[in-house]
Every structure is written in C-alpha cells, then in structure tokens.
Amino acid sequence: MRKLLSILTTLVVTVCANAQMLDPVHFTSKLEMLSGDEAQIVFAAKIDNGWHVYSTGLGNDGPISATFNPVKMDGVKTIGSLTHKGKEISQFDNMFGMKLRYFEGSVTFIQKIKFTKPDYSIDCYLEFGACNDETCLPPTQVSLTKSGKSPAVSKDADKGTPTPSAAAQSAPVLGESASSSAAPDPDVALAPDTAAAVSSLNAADASSLWSPVISELKAYEDTPTDSSLFYIFFAGFVGGFLALLTPCVWPIIPMTVSFFLKRNKERSKAIREAVTYGISIVVIYVVLGLVVTMLFGASALNALSTNALFNIFFCLLLVVFAASFFGAFEITLPSSWSNKIDAKSENTSGMLSIFLMAFTLTLVSFSCTGPIIGFLLVAVSTQGSILAPTIGMLGFAIALAIPFTLFAMFPSLLKSAPKSGGWMNVVKVVLGFIELAFALKFLSVADLAYGWHILDRETFLSLWIVIFGLLGIYLLGWLKFPHDDEGNRTNVPQFFLAMISLAFAIYMIPGLWGAPLKAISAFAPPMNTQDFNLHKASVEAKYHDYESGMAAAQAEGKPVMIDFTGFGCVNCRKMEAAVWTDPKVADMLNEKYVLISLYVDDKTPLSEPMTVTENGQNRTLRTVGDKWSYLQRVKFGANTQPFYVLIDNKGKPLAGSRSYDEDINAYIDYLQLGIDNFKK
C-alpha cells in the first residue's frame, strides 16, 4: 500500500523548484523637489503577479517591514517617517499571530526631507521584504545617491545638524570568492577540538568555503533523481487496465476480436487488422493528451498545481465522477456521435474503417473510461510537465489496446477469460471511492491557499478514514449501490481488498492525535494545521554562523545542511512546523548532519561593514543578514527562502538544492541522498 501511495504521490505533488535568482520587484528611486526648502525621496515599485511587498511598521516579530535607512545625509534632515501610496491589503496571519499589511501590483514609498545647507549630499536606501505563496526574498535594498545645490537655502541659513552616517568611512573589501573573518557564533559553546578547528579554518580554509559552487549544484539538479515520467506512464497503464475491467469495455473485447476473425478467413490478415485496431486506440488517446497540452501549455499546467480555483474545480469534477461510478447517473456522449462514426466505418474500407471502429469504441465506452481519463489528466496536469498528459494517455491506451491484439493473436484465450458479471460493477464502485478520496486532496490545496481552515489535517484524516472504512464494508457486501446484484457474495479477492482497505483506515486513526502517517504525508494537509498533536519532534540549529558550523562539521566528520531562512519568512516556519517535526527528519537533522541556520534578515550590525564586488558593482554589507544573503547569492546562485542545500565539510554540494515543499518522504530521501554521497 505504501509503495502504491508513493507512486501515486508523483501525480499530485509538485516537485521542488530549482535554485534560481528571482527579481519579482522592480524599484526606481528619485529625488523630487517640493516648494521652499523641502523635497521628497521617492521609491516606486512594480510587483510581479503572485508576489507582495510588506508595508511599513510591522514590528520586530513580523515579516520584513519597508524601512528608510540613511547612510550619509549631509545638508538635509528627514521630516517624519516613511510613508506609502498604494492599495494596502491587511490580513491576519496565523503563523505570526498578527495582522500583516502588504501591497500587490505596485507601491510607492516616500520619505520627506528638508535642506539645511546650501550644498547637500544624500546616500540612502530603502529596505523591503517580498514574498509569494512559496518563497520569500531576503531583505532587499534600493539605493539613492544624490548631491548638489539646495534650491531654497541661503548661505547664512541655519546649518542644522546632519544625520550621522550609518556606515563606517572605510570598510574592508570582500571579493566575490573571499570570506569574512567573522568570529564563531558567540551563542554556541564549542568543544576544544571544534574551537581549534575554527582557528585553523579561519587561517586556511575560510576563503575556499566561499568559493561559488553554482555549476556543481546545477549539475546535481539537472540529473534526474526520479522517474516521474515513468511513474506517470505506469499510472496511465494502471488506469487503462482498470478501464478494461468495467462493464463498458470488457464485453466489447470478445465481440470485436470475433468480428475481425470472421471478417477475414485468413487468420494472419485478421491479426494484422486487430493490431491496427489496437494502434488506432493508442493514437486516439495520445492525441487527446496532446490536445490537453496544447490547450493549457507548460506554464499553465505548472500553475494548476497551486491555483486555488482550479483545485476547487478539480475537486468538484472528481466528486461528479465518483457519483457516476456509484450509479447516480452515467456520463455519456451524445448517441448520434457514435452512430455517425459507426455508419462511416461501415461505408469505408481499409485502414480508415478500422480507425473509425476504434473511435466508435472510444465513444461507446466513455461512460466508464471518461471518469478514469478525467482523473488521470487532472492528476498529471498538475505535475506541470508539458509531456505528462501525453505520457499518461500513452500508458492508458497501451493497456486498453493490448487485450484486443492479444486475443486476436491467440483466440483460444477468450475461452479462459472471465465472463462479464457483477464483479465489473464492483470495480466501478471501488474506483468511485478512490476518486472521492483524491477529490479531498485538491480541496485541501484550495483550503490552504485561502486559509479557510475547513479541511485541517484531522478533518481530512477523518474523512479518509470514513471513505476507506466504507470501501472495506462495501467489499464485504454489507453496503449496496443501485447497480449491485442483490445476491452477490463476497469473493476471495474482494475479501483481501476489504482487509487492506479497513487496515488502511485503522492505520490513519493515530494521525488524529498527531502521528506522522508517512505513507500519506504527501496527501494530507501539513502538520501545522492540526489542533491537537501529541507527536512533537524538535529541531534547533546549533550554529547560526557559517564558518563556525563548517568548523564543527570538520571536527565531527559530518555533512552539513545549510538552512537559508529569515525571521520574517512565513514559508520557512511552515516547513519547520510541517516537515522538521517528523521524527525521522528530526533525527537525521539532529544526529546525521550539522545544521547551520543563516538568517538573511538578521539586523545585527557587523563589527565592520564589508565592501563586496558583485556583478561588477561594489556593495556594502552592513548586517549579519546582508552577509548571509550575499553568501547565498555568490556561492549558490539563489536569493529566496526557504533554501536548503547539502554540502560536505569542505563546502562542496552533496545533492541539489531544495525549497518550500511539504512532501516529508521526498525530504527524507533528499537528506538520505546527501548522507550516501558524503560516505562515497
């Protein structure tokens, strides 16, 4: 069961994003003169769709607020605080326990100033935070440097007191591949051997630890780590096999094969035509997959995985399919379509007539195959791969076409094939239960996106327990649906399936009290939505300084996981609550790795500001957060949080990067891959 669920997981869970540099907010800055001796510094932004920029004055316990920061203000002084223009959105956030204010689309921040000398010199910057539903940017700066003659201040005007400089006049230079000589984390008590390693590290290895590894990291990420397309093909094949066992398809097999054998006295010709018939079925369904791909496109398919409205639509669609399988109604195409196609096939000859016969089969069997095809296309479309719908339909069509070809080659097999009967309706009802269970997964995505909290983890699990419990009861014959035979007895395969379904329902019951339930962790809502949780696992990083943590890793002979995070990163907290609380994840992070959490929004001033060269321009790093943000950009080529990377104790990657993704099993596999590569 767990293996089957892990295979199905690839159909409904989006894979984590590759490391990349994002630039979703586009600021311009300028100095606007006002009347008299006043002016204003204006920072105007255009914000990409799906992103938002936080407002001013959110406090130290919230995300990164927009702030005005003077570096050198000679001949001017600020008037009041930073203000904003734009449509401010206010919403309570459960993770921070506070009301957050932010802007979407565009925003303008304004700082008024007053000239106090005939000549002025301004060097300042706006710092802001930006997030979307999956990731956040580190504190980002937009600078303005301006100097000149004051427009309305005479030489004997009050000279005032300029705002003191916030930066040291001379700052050490840190090259792109160089490291700072930061001291070990003062909050961590180091063992004597670790302390010695730190001293040695600062003297010899610190510079190499900052060397870029972007190409090595990309090489890991470009290497396929799974066979998701194979699993999609396999899922399509299973779907096609299940469609064969329905009352709309199975009875057609012997009739069609007999038709081909009677139509041609030569058995070899009958086999050729049956093979052509099977190939025609494959072509029809593959074309259907291509049509879905062309209608949506790769980018739109990727957006489906997180779009709330689409997920609600998919949920309702699967509920309708489930009701159809339960016997409430039949989803059929207009009979005139199949009649016209059938008439065309009789009036034509050769390959075209065989293709039209295959098309007739597709239309006639739609009431059974439609819900299975719909479920498959919904699942693989949310994978975001442009090939997924086509690969899924290829697997489905091959499974559907094989029996026609096989029985045409070996007609004697028809005698041993199971006869049509009530067992086919049992297959339909079982599929209905499965589609109903998966409908809740799509509703869960929408629920999390909108924050409705109508389908928290314990509610979701309760519904799944009921669904699979009722499935087991149905298979035992204690529950009947409209199309079931009254006197039908439970056969041996149904009995074993009932045992599996009921056992699975019992397996999920401890999850109501917080058990991790790893077999379905990719389907159930995250652990942080659970109100009552007795299973808590704690993960606390021992190191918040890069060099200190790397020294400890060398002393202990362990691999390293660097966690680029932020105090105001909502999705970082979600990952820590939903994934790091898993007992196995917690054990691996605490015992197998040296965990280094680097906060890119840490406002602690550096002992001395650092000047770095990045993209051909000099930049000053003033805070600890600036330093770690620079490390993330220059060494790993990324600028979003959460961002996880596994490295050895020399600073070389052990696997690809990972970002926001609450798939616990995938996270465990990721950590294990790093351990395995470290041992090699």
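D545 sits in the loop between α15 and α16. The model is predicted: local features need pLDDT of at least 70, side-chain atom pairs count only at pLDDT 80 or more, and totals for chains, interfaces and linings use all residues. Residues are numbered from 1 along each chain as its sequence is written, and side-chain values use heavy atoms, with hydrogens and water left out. Helices (H or I, at least four residues) and strands (E, at least two) are DSSP runs, numbered from the N terminus.

## Exercise 1. The surroundings of α16

Task: decide how enclosed α16 is, and find what follows it.

Solution. 

1. Count the buried residues. Eight of the 11 residues of α16 are buried, so the helix is largely enclosed by the rest of the structure.
2. Name them: Y546, E547, S548, G549, M550, A551, A552 and A553.
3. Step past the helix. G557 follows α16, and its phi is positive, near 65 degrees.

## Exercise 2. Salt bridges across the sequence

Task: take the salt bridges E547 to K627 and D74 to K117, and state which parts of the chain each one links.

Solution. 

1. Begin with the total. The count comes to nine salt bridges.
2. E547 pairs with K627, with the closest N and O atoms 3.9 Å apart. E547 lies in helix α16 and K627 in helix α19 (residues 624-636), so the pair ties together parts that are 80 residues apart in sequence.
3. Check burial. E547 counts as buried at 1% relative accessibility. K627 is buried too, with a relative accessible area of 1%.
4. D74 and K117 meet in a salt bridge (3.2 Å, N to O). This pair links distant parts of the chain: D74 is in strand β4 (residues 67-74), and K117 is in the loop between β8 (106-115) and β9 (119-128), 43 residues apart.
5. D74 is partly exposed at 27% relative accessibility, and K117 is partly exposed at 24%.

## Exercise 3. The disulfide

Task: find which cysteines are joined, and assign the handedness of the bond.

Solution. 

1. Apply the cut-off: a disulfide is a pair of cysteine sulfur atoms within 2.5 Å. The structure holds one.
2. C131 is joined to C136, with an S to S distance of 2.0 Å.
3. Read the torsion. About the S-S bond of C131 and C136 it is about 105 degrees, so the disulfide is right-handed.
4. C124 is buried, with a relative accessible area of 1%. C315 counts as buried at 8%.

## Exercise 4. A nonpolar patch

Task: list the residues of the nonpolar surface patch, and place W513 in the chain.

Solution. 

1. Set the rule. Patches are made of residues with over 30% relative accessible area and no salt bridge: like charges are joined within 9 Å, nonpolar side chains (Val, Leu, Ile, Met, Phe, Trp, Tyr) within 5 Å. Accessible areas come from the Shrake-Rupley method with a 1.4 Å probe; for residues, only the protein chains shown count as cover.
2. I506, I509, W513, F532 and L534 make a patch of about 510 Å².
3. W513 lies in the loop between α15 (492-508) and α16 (546-556). W513 is partly exposed, with a relative accessible area of 39%.

## Exercise 5. A cis peptide

Task: identify the residues joined by a cis peptide bond, and locate the proline.

Solution. 

1. The cis peptide bond joins Q641 and P642, with omega about 0 degrees.
2. P642 falls in the loop between α19 and β17 (643-647).

Notes: A salt bridge is a side-chain nitrogen of Lys or Arg within 4 Å of a carboxyl oxygen of Asp or Glu. Buried means under 20% relative accessible area, exposed over 50%, partly exposed in between (1.4 Å probe, protein chains only).
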